[in-house]
Amino acid sequence: MADLIHRPRRLRRREGLRAMVREARLSRENLALPLFACAGAGVRREVSSMPGVFNLSVDEIARDAAGAFDLGIPAIILFGLPEAKDETATGAYARDGVVQQAIRAVRKSAPELIAQTAVSQAQAGADVVAPSAMMDGQVGAIREALDAAGFQHVAIMAYAVKYASGFYGPFREAADSAPAFGDRRAYQMDAANAREAMREAEIDYAEGADFLMVKPATCYLDILKAVRDRFDLPLAAYHVSGEYAMIKAAAQRGWIDEQRVMMETLTSIRRAGADVILTYYAREAARLLR
């Protein structure tokens, strides 16, 4: 066999060379940490299906947000667990709602940190609101409402491509959001559909979204790449609770190297085109990244 002119292995021999030619670079600036706010004080209640993830009272949220900022994580996304629920979801927009309280506390503890969670959150200090319902016309209606209220500077991160997925199970425990009856397939996308994802993203783009999001992440890297190639907006991907929980469970049984698989997974999401990765592993990854 003739000598090979091109030998890619030459650039794999040493870590310095590998790093020099690395194509996709994951950094702390790409990470966003989800946090779950609940009522009370001094509450730090671990989610059984998500080791290392907690329901946190406002004071604990502030502490964790400040810690994330100190690690170089530029963003958090807040989810609230209201003390009571009603048919009009008044807890979601009440001035003293748990998310609004948490945003104000985060603003005091880490003023430069982005809190993502429409008008009431903006009034509390959110830089970005992230409507997740995939309702037709939702982004346009929120943009109009924010602008009318004087919050033209507040951005919208649209859950543009959100699949009906079995990977959401642990989140529903953490956020107490399991549907009381039926399911959410009527508005979340079918896992088999790719062209539909482009239509959904196009609608939110046209309505004024500032970010587009694909959710979940790892089973939909092809969709993430397609959205990246077609749209010029910042692109987010949500590495969701079930994806996190599977790595945790396998690592606890000694089947995989948790740090290695975590970083390989997050890098794959970055490689597919995500600018922002929402992940429960944000803190662990930030500690490993320079």
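**Before you start.** The model is predicted: local features need pLDDT of at least 70, side-chain atom pairs count only at pLDDT 80 or more, and totals for chains, interfaces and linings use all residues. Residues are numbered from 1 along each chain as its sequence is written, and side-chain values use heavy atoms, without hydrogens or water.

**Whole chain.** Show the cartoon. It has 12 helices and 10 strands; these are DSSP runs numbered from the N terminus, helices being H or I of at least four residues and strands E of at least two. Buried residues (under 20% relative accessible area, 1.4 Å probe, protein chains only) make up 47% of the 290 residues.

**Helix pair.** Select 195-206, helix α8, and 221-230, helix α9. Their axes come within 10 Å and cross at roughly 45 degrees. Axes are lines fitted to C-alpha atoms over the stretch in contact, and angles run from 0 to 180 degrees between N-to-C directions.

Now show side chains. From α8, pick A197, M198 and E202; from α9, pick I223, A226, V227 and R230. These residues make the contact, meaning heavy atoms within 4.5 Å.

**Strand residue.** Go to A160 in strand β7, residues 155-162. Is A160 buried or exposed? A160 is buried, with a relative accessible area of 1%. Leaving aside neighbours within four places in sequence, A160 contacts M134, E200, A201, D204, L212 and M213. Last, select V214: A160 and V214 are 54 residues apart in sequence, but 6.5 Å apart in space, C-alpha to C-alpha.

Conventions:
Buried < 20%, exposed > 50% of the residue type's maximum accessible area, 1.4 Å probe, protein only.
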